[in-house]
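The tour goes from one selection to the next.

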Amino acid sequence: MIADKMKALVNNSSAIRAMFEEGKKLAKEYGAENVYDFSLGNPNVPAPPEVQAAMCEIVKEEDPVVLHGYMSNSGYEDVRQAVAESLNERFDTSFEKENIIMTVGAAGGLNVILKTLLNPQDEVVVIAPYFGEYNAYVSNYDGVVVVVSPDTRDFKPNLKELEEKLTKRTKAVIVNSPNNPTGVVYSEATIQKLADILRRKQQEFGTDIYLISDEPYRELVYDGVEVPYLTKYYENTIVGYSFSKSLSLPGERIGYLVIPKEAADAEEIQAAANVATRILGYVNAPSFMQKVVARCLEAKADVPYYNRNREALYHALTEMGFHCIKPEGAFYLFVKSPIEDEKKFCEAAKKYHILIVPGSSFSCPGYVRIAYCVSYETILNSLDSFRKLAEEFHTK
């Protein structure tokens, strides 16, 4: 018998992954070129050339015993120092290696920091629509997810509701900008207002509330949009970063946490996060990939590639009568379903070999997510199928 908690998680397993598996089945049946899989945020763009070069150089240059061996749970000191210096140069911060913990992707980093911070029944506030795995991550440590409902006018955070939902049990607020699934970027003005709310509530409750910034899409922004670096606006900020999207390395599982010295109990949090890294079973972030990303901190994501996909799909779908806001970052369109039950709409899309994810997976029913991190040819080839889908639902 499996654990009761796991029974619920199995029954509510990720719709994103379910669609991905469905896509593999359809590809075998109809041919991969005839299936338009927009389900998973799996970059189609190859890693920048610097990554391949770094891999080859490191294998040749490094002592294999050292390269593939253990190190401090927080990661190699030289790698953490390189990350800190890169952040300082880019964002005018003052981090040191002690402020950096290398992690098994952003997901591993979030689990480490939530394990570090949460007592049973502590509350973690999330802003819908949000990445549904947050629910599982918080549940792992017997925390309670508190959801701020989506503002579907522009998908900016509903700060009034957020303030109302903060309580003495609130331990953290998670923000994700650029946002998955909407592509919205939270402006500096929004971050400043959020920071002011958190400071007021900390003073009112006599507690510390941590702002956890989940940033796998930071580098994927369009039209000159800037993403504020949150540690500069709120002292109790902890940043989780992943190289999965910026360097097209999702399967390598490499990222880091930033725990600034200004955060309350920073040294204690750093020490506990090191222990959490070990006892959660990660032990340390992948040793080889730590060395690789340290040499590729200045490498650039192929934003023009994603932007071409964004422009092509956004304009085509809106011309067909579908409705969505134009994303400022990441690589998703969050499209309003033409019927109330977006799950039925997703099922109907399968008839045309289109795989998309229901918005209820992101606590925002009535919408669907379309991941455009696919080949440009897939975008173009899918348009006839999208037109047939639009005609079935009379979107115009």
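Start by selecting Arg-369, which sits in strand E13, residues 367–371. Helices (H or I, at least four residues) and strands (E, at least two) are DSSP runs, numbered from the N terminus. This is a predicted model, in which local features need pLDDT of at least 70 and side-chain atom pairs count only at pLDDT 80 or more, while totals for chains, interfaces and linings use all residues. Residues are numbered from 1 along each chain as its sequence is written, and side-chain values use heavy atoms, with hydrogens and water left out.

Now show Asn-180: its side chain and that of Arg-369 are joined by a polar contact of 2.8 Å. Such a contact is a pair of N or O atoms within 3.5 Å; within protein, one must be able to donate a hydrogen and the other to accept it, and residues adjacent in sequence count only if both atoms are side-chain atoms.

Next, select helix H10, residues 266–279. Its buried residues are Ala-266, Ile-269, Gln-270, Ala-273, Ala-276 and Thr-277. Look down the axis of H10: these buried residues fall within an arc of 125 degrees, so they line one face. The arc is that of the directions from the helix axis to the C-beta atoms. On the face turned away, find the exposed residues Glu-267, Glu-268 and Ile-279. After H10, stop at Gly-281, where phi is positive, near 100 degrees.

Conventions: The expected span of a helix is 1.5 Å times one less than its number of residues. Buried means under 20% relative accessible area, exposed over 50%, partly exposed in between (1.4 Å probe, protein chains only).
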